[in-house]
Amino acid sequence: MPTATAAGTAAATATDTADEVPSVIPRPTDWTALDGVTRLTERTRILIDPRAGSTTALPSGRRELPGPAHQSVRELATQLRTEIKQVTGITPRIAHTGRPAAGDITLGLTAKGDLGPEGYGFDSAGPIRIEAASTHGLYYGTRTLLQLLRSTADDHRAVPRARSTDRPAQAVRMVHLDAGRKYWKIPYLENLIRRMGDQKLNTLFLHLSESEGFRLDSPKFPGLADPDHSYSRADIEHLKAFAARHHVQLMPGLELPGHATVISEAFGIGFGSGADACTGAHTHSHLTPDWIIDMTSDKAIAKSKEIVDEFAGWFDAPLFSIGAEEVPGQLAECPRVQNHLASAPDVSTLGDLLNRYINTLDDVVTSHGKRTAVYNGSEHLAAPQQKVHAPVVFLTWEGTGAEPEIPGHDEIAIGPFYDTPNNYHHLYPDEPWMYDDWAPNTDPDMLGSGVTNWADYNFWADDGYFEQHMAGPRAILADRAWNKSATPDTLTDFRARATRIGDPPGTTPAPVPPRVEGRPSHHWTFDDASYPSGWTYAGSPGNTLFAEDVAGGLPGTSYIINNPTPVKGVHGQAWRFDSDRDGVGFGGLDVAEPWTVSVRVRPTARTGDQVLLSSKAGALKLMQHGTGRVGFTRYGEADHSFDFTLPLDRWTRLTWVTTPGHTTLYADGKRVGSLAASIPLPLRSIGTEKASLRGDLDDLMTWDEALSPEKAARLR
């Protein structure tokens, strides 16, 4: 175990000098580094005032946002004791009396210093003192303490001596998950909540319904949600209690009246239902009219209110989202809508109709003591009679996050922070811009900012697939939305600091899928198949084709608007690709070598680059850039080509067999080449946004092992 001098040296290495950035994310808004360290010892105590043990906040620490703190000072002290043990091996004793000694930690509530609901004072010059006006702030002060412990000294028992008064720039610091298209496993959500709390992010927005799925299972609405891929009331209560211990508000969101195919079909309340129905001409070209709940129908409005009323009661966060975006303008041409507008005295345009619907549901939300949130978009429709109620908060997905965009409404900026990791949208937050250039707006009507995840065409993706895309932007947003001052270092420095800090205590390792032995790990036949239970088609016929995985658990779907065409295959059905926008999203994690891939392909044209399977790290190539030959690429490092070119207009069975540092290619069972290089098996998608194949694809299989030459030769 290091001596005090060695620990002090390690602490100095982590924080370097008083002029450099402490190992804390987000960066404190005020930080004065002092010489030396304060060490925790086996005698360290956590001291709390017995008069405040059951208190959660003083009057000066209560605000509408982020909402009330539910954890008492005593509960926080107990939690901190466990977390310190996990980090240091020391189990501090909780005490209510006595003078603090060197190495003790005091937690106290104070009305001094205008700390607000989340600010805190931190002093580690002697005994470590953390003060705040609520346990939100106390919790964040303890996160600073734990991060400093994790990033200093080998035994993690030394805290750099410093003083800080730290408070956030923005009230809402949000992570948004598309839980309508994708079902997120509860262990992943718990890990996410731990990480959010550690980085002082306070709002987890679960977007719980989309056209493709509804993720809240209530006995009031049997059949609306699939119990195996949704959250029961007990699940939500568990997540709320877990989130409260990490000072994260669990904000729910539904999607009404658009993006609502699953709701419309469950209750027969879409614009495509009943007499005088709207048609495909009245909605987005790739969708059905049941994508939109019928805002002219008393039955549909009553059912919408019933749904919102039920689920608003499940949550205690200050905000409840009803979506309300992307209603197609051509809906105004539907005779059903026109007849309603002609007969109803309070609406004269489609915009009026949508705003009236928003306001009707807003009345339900406010009856539960919450504010309604909507995505922006309704403001683009002319609405001479109906204005959205002033308290409604707009989630601005079109803006830059620099200035408020919707006059008269509070906003949360989400536009610059979209993570939609598919090869159709191909949207990823610009991390250098976020860290180096973005200045969070702190006008009174800009409530905060949020990193926004969307699971389009990755409905069945691994949780870890999204986490690898979200972790970096999430940390940057946490840092910038808390401390809007100019960043003092580089993005590379910031990433190194995040790595040094690591995960918070209690985080469980991501599950490692077991390698499949003796049989294919995945097999996509491209034959017709229905979506799995819990998902529904949102597209019109021919859109978002389903790629069933008959061997494993990674089905995929094609992208909307551009789609492969089903054609006759070698056995059963194949898919024909004729555009770079034709692709299939899987959202799988790369598989380390060894592995095998085999596929039947019939190319119909030569292009400069044709990708079979891709990921962020690499790709298998049917036609390699620069050579036109079969190969593979490790992005940013090298393109590799075999001495084999696919013939056009006939079926060829290609098989890659890979071990670490070595790849062999077979064509129709014959060995045609070998290269002294390899890549992990990419399982993000078929194709990329700029290099899809041209031709027919059938019978794509993978193995988590390198097949023997004899077995590879039998693949013809």
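**Reading local features**

Q: Where is D649 placed?
A: D649 lies in the loop between β31 (638-641) and β32 (652-659). Helices (H or I, at least four residues) and strands (E, at least two) are DSSP runs, numbered from the N terminus. This is a predicted model, in which local features need pLDDT of at least 70, side-chain atom pairs count only at pLDDT 80 or more, and totals for chains, interfaces and linings use all residues. Residues are numbered from 1 along each chain as its sequence is written, and side-chain values use heavy atoms, with hydrogens and water left out.

Q: Is D649 buried or exposed?
A: Buried means under 20% relative accessible area, exposed over 50%, and partly exposed in between (1.4 Å probe, protein chains only). D649 has a relative accessible area of 54%, so D649 is exposed.

Q: What is the phi of D649?
A: D649 is not a glycine, yet its phi is positive, about 65°.

Q: Which value of phi does D276 have, and where is D276 placed?
A: D276, also not a glycine, has a positive phi of about 55°. The loop between α6 (261-267) and α7 (298-312) holds D276. D276 counts as partly exposed because its relative accessible area is 43%.

Q: What is the omega of the peptide bond from I25 to P26?
A: Omega is near 5° there, and the bond is cis. P26 sits in the loop between α1 (4-15) and β1 (32-39).

Q: What is the omega of the peptide bond from E593 to P594?
A: This bond is cis, with omega near 10°. P594 belongs to the loop between β26 (584-585) and β27 (595-603).
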